[in-house]
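Welcome! Please take a moment to look over the sequence and the 3D view, and then we can walk through a few places together.

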Amino acid sequence: MSLVVNDIIPQLQAEFFGNHPENSIQNVSIDSRSLQNNEFTLFFCIIGPNHNGHDYIQELIEKGVKNFVVSQVVNPTPEINFLKVEDTLVALQQFAAFYRKKFSFPIIGVTGSNGKTIVKEWLNFLLSPDYNIIRSPKSYNSQVGVPLSVIGINEQHNLGIFEAGISTVNEMQKLEAIIHPTIGILTNIGSAHDEGFENLGQKIKEKLKLFPNVDVLIYNKNKSIDAFLNPNIKTFSWSSSDKSADVLIHHKTTNDKTSLNITIDKTCFKINIPFSDEASIENVIQCLMVMFYFKYDFDTIQNRLSLLYPIEMRLKVKKGINNTTIIDDSYSSDFQSLKIALDFLESQKQHHKKTLILSDIFQSGLENDELYSRVSQMVISNKINRVIGVGETISHYKHKFLNGITFLSQADFLAHFDSLQFENETILIKGARSFHFEEIVSLLEEKTHETVLEINLNALSHNYNFYKAKLKPETKMMVMVKAFSYGNGGLEIAKLLEYLKADYLGVAFADEGIALKSNGIHLPIMVLNPESTSFEAIIQHELEPEIYSLKGLNAFLKIAKQKHLKDFPIHLKIDTGMHRLGFDEIHLEELISILKNCKTVQVKSILSHMATSDDLAHHDFALEQIEKFNRISTYISAALEISPIRHILNTSGISNYPQAQFDMVRLGIGLYGISNDANEQKFLENVGTLKSVISQIRTIQAGESVGYGRRFIAEKETKIATIPIGYADGIRRSWGNGLGFVVINNQKASIVGSVCMDMLMVDITDIPCVEGNEVIILGENPSVSFMAAKLSTIPYEILTGISQRVKRIFYRE
Ligand SMILES: *Cc1c(COP(=O)(O)O)cnc(C)c1O
């Protein structure tokens, strides 16, 4: 990119405050943590749900940034250019649209409900031997992600592939203006994001708004789409049934392979692909259609398709050997996604020390000199302590990295593995597929069994923001992370909440809080049930006890006074009807007389807990609790002449009693994606997926039995798969015997016989699958709520019951 500020001002209709309109602009940023080439950066101060870019201006000026797009100018400075606009996000989009117009090569725009990212990545793989491709990194397909992707275009590129994702109406035109695709792909229309649209028709119409200017639209021919299609748009369609489509494709699947029978221009031929699930087959066909459109010959198509592999789109966080944390991004190494991975590394902050293991980078569209200089700048601004490069090119640029070690090949690296010493650090592993970095990951990874609970950190952020949006702007948010964040994993989630700027964390016992504090969590932490034996530790680790009785108060004050503490924060719990913990009204006078003029502690907050916030049948009781809380907390505050934070609502309270937010709310189960309100549930995203694999498959005959007590007897020939997860992992024994099921290749497999301690068996007679295939135990389907209802319990018990021997894996999409 080579622009000057003066070119940009009119494009954004900006008001200019500054003296240097001739400043050169070579790149754009919206994130203070991933800067490069600071002097020539144009920084857009975006206002997001958690961060406001304007807050970082001073820090950025100190780092050398000279040009900002802002919605307000607070401190005009002679050396700094400010471009003032109405809305900085709109300005970013306008800038991207302006920049896009400077290039005239073909751009493929992909949208649809599912498969966008996979289609984009596969097309990149299939076409990269012949083109220099710019594509959206990961699934950067939003109102912010799309402009940032497009801004990555440079003079070397000759083909673009960008995806566009929308969640409601009036978003697609904006993305169209930025991507301005010349070739369109509509993957499919499913139920993702349904809540943002009135009906299917509205959703289809909105998605089609990506394509008004394309030379061709590639799609799976379908009457409900055709009804909305502008007849002037040229299409290139496929179908398995509709003979009026341009290409007819039938498929036949056996085990893990599929053969496609294709008829195009009256010619028939057959192609084999290494996939068996419907979604992958559909995605391959979209790519195949593009290759037809680009007039590839049949042999090349067959050759390249046979090399396709499932794409791992996610950054995974895993526990490593010697107290390390591994961020596994071992399937790609392009410049854009390196930036994203480094941002993620920064947000994780698990250890002080950070190592980057990086292979040669392909397809950056930059000359190597320039490329590795930029990588080196990113490494410096992300404070990476050690870079280990693998590959001939990166070895050549070793001098660009302080503390850099390089190896010519993966084999060379593995030979020196023992001398490299990995301990107490976070390791980002990022490599192009041809380097097989999965071998490095498997060396560094802590070995545990194959059942894992995957935690989607994007979904957690989404759910957090969903509830945050229900609050008045000034209402604070405490998030309950007791019982390992409801079974999901304490530390990683606490880190994320800190990043999201939650105000408080809540734990049940002191040791949970100590674990968080000693791993570097700085947020204040309230301990709901501090035992008097833990008071010393609470004080030492600066945790904040909830005090719920005179006995507890006196015991705490005794220790606090011995230590000459001043204003140590405590929280007073009032019993308003739950009758679990809390001061009764009759204790108030004594409570007040002890605290009056007491300098040792400071009442940080007053709280109570509702017994029926989730059940509107007890609406009157709930209102009485709220009223009582208001009365008593007002009384204490007045008597002590203090104004503490007041809070009573849990998750369902936030939804059902919005008038009772007081100063703070305590979010629990909602963060983890569960609501007891069916309508609200639609807006939450699933956080945890409990997964395992098939250990063994066998076929039994009619009359033969499965498992302890012969509780399942086959009525006909039956295929049985054994899965290594049982009641010791938290799957109730009673979930077996036909009540529960697991999901294998998107199909339900009923659990036969009783669940054993470490294993369970399922009926897979009608499901194509092989040993080693993935099995979903809990997640989107079956959901925790569904399982809880069937087992006559509540989701809380299922979630927190998943045993600690199940490894937790955290990822971002
Ligand atoms: C667990 C807990 C919460 C959170 O409840 P959810 O129903 O999970 O939102 C809030 N307050 C207290 C005192 C709790 O113990």
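## Around Val73

Val73 touches Phe17, Phe82 and Lys84, leaving out residues up to four places away in sequence; contact here means heavy atoms within 4.5 Å. This is a predicted model, in which local features need pLDDT of at least 70 and side-chain atom pairs count only at pLDDT 80 or more, while totals for chains, interfaces and linings use all residues. Residues are numbered from 1 along each chain as its sequence is written, and side-chain values use heavy atoms, with hydrogens and water left out.

You will find Val73 in the loop between strand E6 (67-70) and strand E7 (81-84). Helices (H or I, at least four residues) and strands (E, at least two) are DSSP runs, numbered from the N terminus. With a relative accessible area of 21%, Val73 is partly exposed; buried means under 20%, exposed over 50%, and partly exposed in between, using a 1.4 Å probe and protein chains only. From Val73 to Ser128 there are 55 residues in sequence and 45 Å in space, C-alpha to C-alpha.

## The ligand and its shell

Which residues surround the ligand? They are Met480, Lys482, Tyr486, Leu528, Arg580, His609, Asn650, Thr651, Arg666, Gly668, Ile669 and Tyr796, where being near takes a heavy atom within 4 Å. This shell divides into 5 nonpolar, 4 polar and 3 charged residues. In that count Ala, Val, Leu, Ile, Met, Phe, Trp, Tyr, Cys and Pro are nonpolar, Asp, Glu, Lys and Arg are charged, and the others, Gly among them, are polar.

| Ligand atom | Side chain | Distance |
|---|---|---|
| oxygen | Arg580 | 3.5 Å |
| oxygen | Thr651 | 2.5 Å |
| nitrogen | Arg666 | 2.8 Å |

Taken alone, the ligand exposes 390 Å², and the protein buries 95% of that; such areas come from the Shrake-Rupley method with a 1.4 Å probe, and for residues only the protein chains shown count as cover.

## Helices and a hairpin

Helix H7 (residues 200-208) has Gly201, Lys203, Ile204, Glu206, Lys207 and Leu208 buried. Their cover includes helix H6 (172-179), strand E11 (183-186) and strand E12 (216-220). At the start of H7, a side-chain oxygen of Asn199 comes within 3.2 Å of the backbone nitrogen of Gly201.

Beyond its neighbours within four places in sequence, Ser395 is in contact with Thr406, Phe407 and Leu408.

Strand E15 (residues 257-264) and strand E16 (residues 267-273) run antiparallel, joined by 7 bridges; strands pair if DSSP finds at least two bridges between them. Thr263 has Cys268 in E16 as its bridge partner. The hairpin has 2 residues between the strands, and Asp265 there takes a positive phi near 45°.

## Backbone details in loops

Gln13 is not a glycine, yet has a positive phi of about 45°. Gln13 sits in the loop between helix H1 (5-11) and strand E2 (15-17) and counts as exposed at 62% relative accessibility. His180, also not a glycine, has a positive phi of about 45°; His180 lies in the loop between H6 and E11 and is partly exposed at 33%.

Finally, a cis peptide bond joins Asn781 and Pro782, with omega about -5°.

Technical notes
A polar contact is a pair of N or O atoms within 3.5 Å; within protein, one must be able to donate a hydrogen and the other to accept it, and residues adjacent in sequence count only if both atoms are side-chain atoms.
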